[in-house]
Amino acid sequence: MSYRKFEVDEQQLLEDIMRLRRDVRGNRFTSEPVDEKDLDRILRAALLAPSVGFSQPWRFVDIRDHETKASVAQVFKSENDKAAHLFKDAKHSQYQQLKLEGITEAPINLAVFYQHPQEAVLGQTSMPVAGQYSTICAIQNMWLMARALNIGMGWVSILDGKRVEQLLGADEHHEFVAYLCIGHVDTFYDKPELETLGWEARKAFNEVIFKESLQSKHTDHET
Ligand SMILES: Cc1cc2nc3c(=O)[nH]c(=O)nc-3n(C[C@H](O)[C@H](O)[C@H](O)COP(=O)(O)O)c2cc1C
């Protein structure tokens, strides 16, 4: 049997795309239009994602309309104002300085929904949430494809899902999963912005990889 074998430089390229992928917010998007062929490639990358029982439960809404974007931005604003109060002292003032979305700045917004199955899905019978997980696999594919095309993508989750569902005409079978902002950027940071701003540090290998049980840390690798 023959199958495509990837070469060392191709493996390195995939690592580079993963390492240099960034969450992009409104402070980095430019007004340069996105070529529709590029958006098509990003969406087709989504459709290549794995899904439980090959159910492909993802649904995408392509949003360009300024009024719709403004309505979603309002939902963000009210949720973000509430969120700010959950962080205290220095974190509270730092939170208020953060730009956490690019809804109106990005030329393209994509809302991602999970379509609940109407009958049993192979593999999803014990963990129904595998359906939502599948949808998220599609989002990661898009994020990587966008970066490979030098296009930025940001994920906005500070939203009231029910309000977004109403705004975008979702029925009871469709659950809001993610709101993505897509557009060209003036730069891609080489590190997560939240790391640079001192909000969070990248966790060490040994903090998150365990050997045999969650009770014993992996010690084989350099951190
Ligand atoms: C499920 C999910 C939800 C996120 N929601 C937001 C959000 O609402 N606003 C925001 O600015 N970034 C959001 N992000 C982006 C993260 O902040 C970002 O991925 C993280 O800081 C690491 O940075 P990087 O993606 O540039 O590597 C989200 C990311 C994920 C995976």
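Predicted model: local features only at pLDDT ≥ 70, side-chain atom pairs only at ≥ 80, totals over all residues.
**Helix H2**

Helix H2 covers residues 36-47, and its 12 residues, taken at 1.5 Å each, should span 16 Å, which agrees with the 17 Å that separates its end C-alpha atoms. The buried residues of this helix are Asp 38, Leu 39, Ile 42, Ala 45 and Ala 46. Seen down the axis of H2, these buried residues fall within an arc of 115 degrees, so they line one face of the helix. The cover over the buried residues of H2 includes strand E1 (58-63), strand E2 (108-115), helix H5 and strand E4 (174-183). On the face turned away from the buried side, H2 carries the exposed residues Lys 37 and Arg 44. At the start of the helix, the backbone nitrogen of Lys 37 has a side-chain oxygen of Asp 35 within 2.9 Å.

**Salt bridges**

Side chains of opposite charge can pair when their charged atoms come close. With a salt bridge taken as a side-chain nitrogen of Lys or Arg within 4 Å of a carboxyl oxygen of Asp or Glu, the count for this model comes to 13.

| Pair | N to O distance |
|---|---|
| Asp 16 and Arg 19 | 2.9 Å |
| Arg 44 and Asp 40 | 2.7 Å |
| Glu 101 and Lys 99 | 2.9 Å |

Asp 16 and Arg 19 are 3 residues apart in helix H1 (residues 8-20), so about one helical turn separates them, and Asp 16 is partly exposed, with a relative accessible area of 23%. Arg 44 and Asp 40 lie 4 residues apart in helix H2, a spacing that again corresponds to about one helical turn. In that pair Arg 44 is exposed, at 52% relative accessible area, whereas Asp 40 counts as partly exposed, at 34%.

Arg 147 is buried yet has no salt bridge, and the nearest side chain of opposite charge, that of Asp 16, is 9.6 Å away. With neighbours within four places in sequence left aside, Arg 147 is in contact with Ile 17, Leu 20, Arg 21 and Phe 188.

Ser 134 is buried as well, with a relative accessible area of 4%. A polar atom of the Ser 134 side chain lies 2.9 Å from the backbone nitrogen of Val 52. Again leaving aside neighbours within four places in sequence, the contacts of Ser 134 are Pro 50, Ser 51, Val 52, Pro 57 and Trp 58.

**Lys 162 in helix H6**

Helix H6 comprises residues 161-167 and contains Lys 162, which counts as exposed at 57% relative accessibility. Although Lys 162 and Phe 176 are 14 residues apart in sequence, their C-alpha atoms are 7.6 Å apart in space.

Methods. Residues numbered from 1 in each chain as written. Heavy atoms only, no water. Buried < 20%, exposed > 50% of the residue type's maximum accessible area, 1.4 Å probe, protein only. Lys, Arg positive; Asp, Glu negative; His and termini not counted. Contact = heavy atoms within 4.5 Å. Helix = DSSP H or I, 4+ residues; strand = E, 2+ residues; numbered from the N terminus. Expected span 1.5 Å × (residues − 1). Arc of directions from axis to C-beta. Polar contact = N/O pair within 3.5 Å; in protein donor to acceptor, adjacent residues only side chain to side chain.
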